[in-house]
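Visitor: I would like to learn how to read a model like this one. Where do we begin?

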Amino acid sequence: MSVKIINEYGNITMDDQVFATLAGLAAMECYGVVGMASRNATEGIFELLRRDQLTKGIKVTSIDDKLNIDLYIVLQYGVKISVVADNIISRIKYSVETFSGVSVENVNIFVQGVRVQK
């Protein structure tokens, strides 16, 4: 799916992958986020994705020119999950809306695991 913006100068079509990249980069800037996890984590086993595979841990759906973003993340041990999640949500909404001009309706965060630092 994609979002299409029509103005007096012409048409702009943005793919959902663009929004996933913006959301992934914004989320990785937040304190406490170790990385993105694969969306198909089954039986409690998750795969920590490399930075170039960032968008595989993000699902973007666009409905009526509004975005719903699902993030599958791995957090650092010892951080307060609710505070980190609120920070991620506000950062993603700001980044996506500022850079693309498309409004974000929902950001859902799924914590797939916690990584303990040695």
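Visitor: What is the mean pLDDT of the protein chain, and where is confidence lowest and highest?

Guide: The general idea comes first. Where pLDDT is low, predicted coordinates should not be read in detail. Here the chain has a mean pLDDT of 84, and 86% of its residues reach 70 or more. Confidence is lowest in β1, with a mean of 80, and highest in α2, at 93.

Visitor: Let us take α2, then. What span should its 20 residues have, and what is the distance between its end C-alpha atoms?

Guide: At 1.5 Å a residue, the 20 residues of α2 should span 28 Å. The end C-alpha atoms are 28 Å apart, so expectation and model agree.

Visitor: Which residues of α2 are buried?

Guide: Buried means under 20% relative accessible area. In α2 that applies to Val84, Ala85, Ile88, Ile92, Ser95, Val96 and Ser100. They cover an arc of only 105° around the axis, so they lie on the same side of α2.

Visitor: Which exposed residues does the face turned away from that side carry?

Guide: That face of α2 carries Asp86 and Tyr94, both exposed.

Visitor: What do the buried residues of α2 pack against?

Guide: Their partners are β1 (2–7), β2 (10–15), α1, β3, β5 (66–76) and β6 (103–115). After α2 comes glycine 101, with a positive phi near 80°.

Visitor: Which residues does phenylalanine 19 touch?

Guide: Set aside residues up to four places away in sequence. Phenylalanine 19 then touches Val3, Met14, Val60, Leu67, Val96, Ser100 and Val102.

Visitor: Methionine 14 is on that list. Is methionine 14 buried or exposed?

Guide: Methionine 14 is found in strand β2. It is buried, with a relative accessible area of 14%. Methionine 14 and serine 100 are 86 residues apart in sequence, but their C-alpha atoms are 8.6 Å apart in space. Beyond neighbours within four places, methionine 14 contacts Ser2, Val3, Ile5, Phe19, Ser100 and Val102.

Visitor: What share of the contacts joins residues 24 or more positions apart?

Guide: Among contacts with a separation of 6 or more, 63% are between residues 24 or more positions apart.

Visitor: Next, charge. How many salt bridges does the structure hold?

Guide: Side chains of opposite charge can pair when their charged atoms come close. This structure holds one salt bridge. Arginine 91 pairs with glutamate 29, and the closest N and O atoms are 3.0 Å apart. Arginine 91 lies in helix α2 (residues 81–100) and glutamate 29 in the loop between α1 (16–28) and β3 (33–36), so the pair ties together parts 62 residues apart in sequence.

Visitor: Is glutamate 29 buried or exposed?

Guide: Glutamate 29 counts as exposed, at 55% relative accessibility. Arginine 91 counts as partly exposed, at 29%.

Visitor: One last check, on the backbone. What is phi at aspartate 64 and at aspartate 65?

Guide: Aspartate 64 has a positive phi of about 55°, although it is not a glycine. Phi of aspartate 65 is near 60°, also positive in a residue other than glycine. Aspartate 64 is in the loop between β4 and β5, and aspartate 65 is in the loop between β4 and β5. Aspartate 64 is exposed, at 72%, whereas aspartate 65 is partly exposed, at 45%.

Key:
Residues are numbered from 1 along each chain as its sequence is written. Side-chain values use heavy atoms; hydrogens and water are left out. A salt bridge is a side-chain nitrogen of Lys or Arg within 4 Å of a carboxyl oxygen of Asp or Glu. Helices (H or I, at least four residues) and strands (E, at least two) are DSSP runs, numbered from the N terminus. Buried means under 20% relative accessible area, exposed over 50%, partly exposed in between (1.4 Å probe, protein chains only). The expected span of a helix is 1.5 Å times one less than its number of residues. The arc is that of the directions from the helix axis to the C-beta atoms. Contact means heavy atoms within 4.5 Å. pLDDT is the predictor's confidence in each residue, from 0 to 100.
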